[in-house]
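Work through the exercises below with the model open. Try each task before reading its solution.

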Amino acid sequence: MSNVNLAIIGQGGRGFGLMRLIMEMEDVNIVGVCDVYQDRVDRAVTTLKEAGKPAPVATQNYHELLALSNVDAVLIATSWQTHMRIAIDSMKAGKYVASEVGGACSLDEVWELVQTSRETKMPCMMLENCCYGREELALLNMVKQNVFGELIHTRCGYEHDLREEVAKGHINRHYRLDNYMHRNGDVYPTHGSVPMGKMLNINRGNRFVSLTSMASKSRGLNEWIKDNLPDVDYLQNYPFALGDVVTTIVKCAHGETLVMTHDTTLPRPYSRGGLVQGTKGIWMEENYSIYLDGISPEHKWEPFAPYLEKYEHPLWKWYQQEGIRGGHGGMDYLTLRAFLESVQAQCDTPIDVYDFAVHAALTPLSEQSVALGGMPQAFPDFTNGAWLVRPAERKWKYSLTEIWDGE
Ligand SMILES: NC(=O)c1ccc[n+]([C@@H]2O[C@H](COP(=O)([O-])OP(=O)(O)OC[C@H]3O[C@@H](n4cnc5c(N)ncnc54)[C@H](O)[C@@H]3O)[C@@H](O)[C@H]2O)c1
């Protein structure tokens, strides 16, 4: 297959942004666009027309796009509570699926996602762009080269002051506010957990076994709303369900631990709070530093920058020569290309349905644990034992299980 015929469902900030990036790609035809809001559908159509592209099929009902026989693949950028349903329906319609990130709402829908992919044989990728970040890929390279020794402990997080985005959710027709009103757990784990999961070989020789989660009290949104939205009466003293800081500890089958933090309703600079620690050394995002046993000055952090260059992932070497483009420092473009080139090759995607399942499941398991005072929750094995023997993915430049330096 040379050109991919793509339908994009969800035309909010993210869906529209991704569409504009994809519009520039000569080997992709955007043949359908959808949103439940007509003005967002119209904006997508106008933008494509102004760029000289053929008019797409435009609709408020995504089923109409799934019924089109010329659609090869579907990109979903809707809300956390709709991704799974639309992904399942898309696979049943015989489409390749790429879905934006976010946790699931229940384990049942995660199982249905996996079963549907098995039955239809349609691949389903979570578009976890942080897997293709420059630092994340250099770290994966270092882990594969055993620079940190045997991995013991990792940390990650989503630490992003989103008070304004969340609080104005109903004003801006944004999905996040309803989740914060009614759910308590790590609702957005994947920016950290998927890259760390790749370093830990999750679903290919290792698996998440259990987790425990605790949530702090919730104050940040109320205080921000009092100061900034004094006229929105119903939110002034609203008892938000989501704790300001949710901390989760995940235990892996091979004994490693992963500590995850969700922290989005207090004032703070952005961080994904990364840490990778093994028997030979440690990397830490907060001060952009590293310590390697026998190499770094004793007991002293070293700057990470020289190591980033030394262990630059081959994909990023290529990308820097080609020219970095798109949002989030260039990683959005690489993630989209990994998906689209999988469709062209008719191969499975580098973040596959089992990755999607296990990382989306972090959220309902975290919610259950918080509700039960931190009680450990067992992880389902979505691979039904296949994680023990699943080989690395095929050798190609977007692989997240092997470092491929071929031509
Ligand atoms: N990977 C990243 O870096 C990144 C960045 C931003 C957002 N996101 C993810 O992208 C998704 C969308 O985020 P956003 O900020 O654009 O949210 P948004 O609320 O602004 O947009 C979502 C859009 O989906 C539409 N929608 C919802 N249900 C639908 C349905 N059944 N059919 C058609 N359209 C439907 C809504 O009307 C809305 O326009 C979220 O999952 C978010 O987590 C990822």
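**Exercise 1: the ligand shell**

Helix α1 contributes the most to the shell around the ligand, giving three residues. Helices (H or I, at least four residues) and strands (E, at least two) are DSSP runs, numbered from the N terminus. This is a predicted model: local features need pLDDT of at least 70, side-chain atom pairs count only at pLDDT 80 or more, and totals for chains, interfaces and linings use all residues. Residues are numbered from 1 along each chain as its sequence is written.

Task: Find how many residues surround the ligand, and which are the closest.

Solution. Step one: count the shell. 25 residues surround the ligand. A residue is near a molecule if its C-beta atom, placed from the backbone, lies within 6 Å of it. Step two: pick out the closest, namely G10, G12, R14, T78 and E100. Step three: sort by class. The shell holds nine nonpolar, 12 polar and four charged residues. Here Ala, Val, Leu, Ile, Met, Phe, Trp, Tyr, Cys and Pro count as nonpolar, Asp, Glu, Lys and Arg as charged, and the others, Gly among them, as polar.

**Exercise 2: a helix pair**

Task: Describe how α1 (residues 13-23) and α14 (residues 331-345) cross.

Solution. Step one: take the axes. They come within 11 Å and cross at roughly 70°. Axes are lines fitted to C-alpha atoms, for helices over the stretch in contact, and angles run from 0 to 180 degrees between N-to-C directions. Step two: name the arrangement. α1 is therefore roughly perpendicular to α14, a label for angles of 65 to 115 degrees. Step three: list the contacts. L18, L21 and I22 of α1 meet D332, Y333 and L336 of α14. Contact requires C-beta atoms, placed from the backbone, within 7 Å. Step four: classify these residues. Five are nonpolar, none polar and one charged.

Key. Angles under 35 degrees count as roughly parallel, over 145 as roughly antiparallel, 65 to 115 as roughly perpendicular and the rest as oblique. Two residues are in contact if their C-beta atoms, placed from the backbone, lie within 7 Å.
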